[in-house]
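This report examines backbone features at selected points of a protein chain. Please consider the sequence and the structure shown below.

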Amino acid sequence: MLAGLELAVREVNEAGGIAGRPLELVVRDTAADPQRAAAAVDELAHLGVAALAGEYHSVVARAAAARADALGLPFLCSSAVLDALTEQPTEWVARLAPAQSHGWRIYADFLLSAGHSRIAVAAQPSVYWASGARILRDYLAPRGGSVIELDMRALAPAAVCDELVDNRATALLLLVGHPEPAVSIVTSVRRDRRLAEIMIGAPAGQPEFAEWATLLGDDSAAIPFLRYLPERLSPLGARVETALRERLAEAPSFVSFEGYDTVTVLADVLRSHGADRARTAESWPRVAVEGTRGQIQFSRTPGISVWQWAWTPVQVVDRDPAEPGRFRILHTG
């Protein structure tokens, strides 16, 4: 994400900045910690930033969004998907990533189309994982599917295998952290001959990380996950992909594009409305910006408390067993 943010800032400044002034990116690492995120928002607000950008983790983004809303600081959330990003509707927060309910329903469609109706989820306690399990259950139940929840507070990775056999599950979804216990669960399931036919899935996107392939090797492949990219990038997207690949020395993930698009939107807003925070927040419904993955516009979406881009393209992809460094598109929505 940071690579995408930095690339976009550099390009804005090479093109003359904002009304002749350079755009400055002030970075604070939230370290996947909601309390650190809230403290960072306080610090950045005190420093006088025009707006907040970024954040990957949904629970952390929720803490940042709540604080930004309380302080009257515009926040364009790049990558977090939790539907209830704020407790109450807010004018201060907008989001580029699709809401979890949108993306995970597309993933549920993929499961059904692949013939999976008896789904087990290995889950850790978290607002995000609980929300994902509920979305899947509510979507699958009326369509003949069922969701069996395996509480990873009580089960060792090896014990998950017995539960899968006992419940006759045909798919296991990893609603757990990366790298652990996700990597250990995959290793245990792949080594169990009774589960040779089971599909492992990871809707939250853990297999997107290069570390996933490094840790799991061949076992990293054929684990479908959600990715927010179009089937074909626009000319802008292709140019940014090339620049990011050079910067990262590897293929960029969709999160890099989210970072780039975040700055592209904020730069457009700042050019049009200046650095006044209230005017920035008022501008969300008037945004119309060409991003790397399509035309970005924000609207009010039922059940979503923030201004939402509805919707970025959604894919279900996996790593190709023949070449784990390559991704296959399995389903789009």
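## A loop residue with positive phi: R168

R168 lies in the loop that connects α6 (157-166) with β6. In these labels, helices are DSSP runs of H or I with at least four residues, strands are DSSP runs of E with at least two, and both are numbered from the N terminus. The phi angle of R168 is positive, near 55 degrees, and the residue is not a glycine. R168 is exposed, with a relative accessible area of 58%; exposed means over 50%, computed with a 1.4 Å probe on protein chains only.

## Basis of the model

The model is predicted: local features need pLDDT of at least 70, side-chain atom pairs count only at pLDDT 80 or more, and totals for chains, interfaces and linings use all residues. Residues are numbered from 1 along each chain as its sequence is written, and side-chain values use heavy atoms, with hydrogens and water left out.

## Positive phi at A249

Which loop holds A249? The loop between α9 (235-248) and α10 (254-273) contains this residue. A249 is not a glycine, yet its phi is positive, at about 60 degrees. Is A249 buried or exposed? A249 is exposed, and its relative accessible area is 69%.

The loop between β6 (171-175) and α7 (182-191) includes P179. The peptide bond that joins H178 and P179 is cis, with omega of about 5 degrees.

P181 is also found in the loop between β6 and α7. A cis peptide bond leads from E180 to P181, and its omega is near 10 degrees.

Technical notes: Buried means under 20% relative accessible area, exposed over 50%, partly exposed in between (1.4 Å probe, protein chains only).
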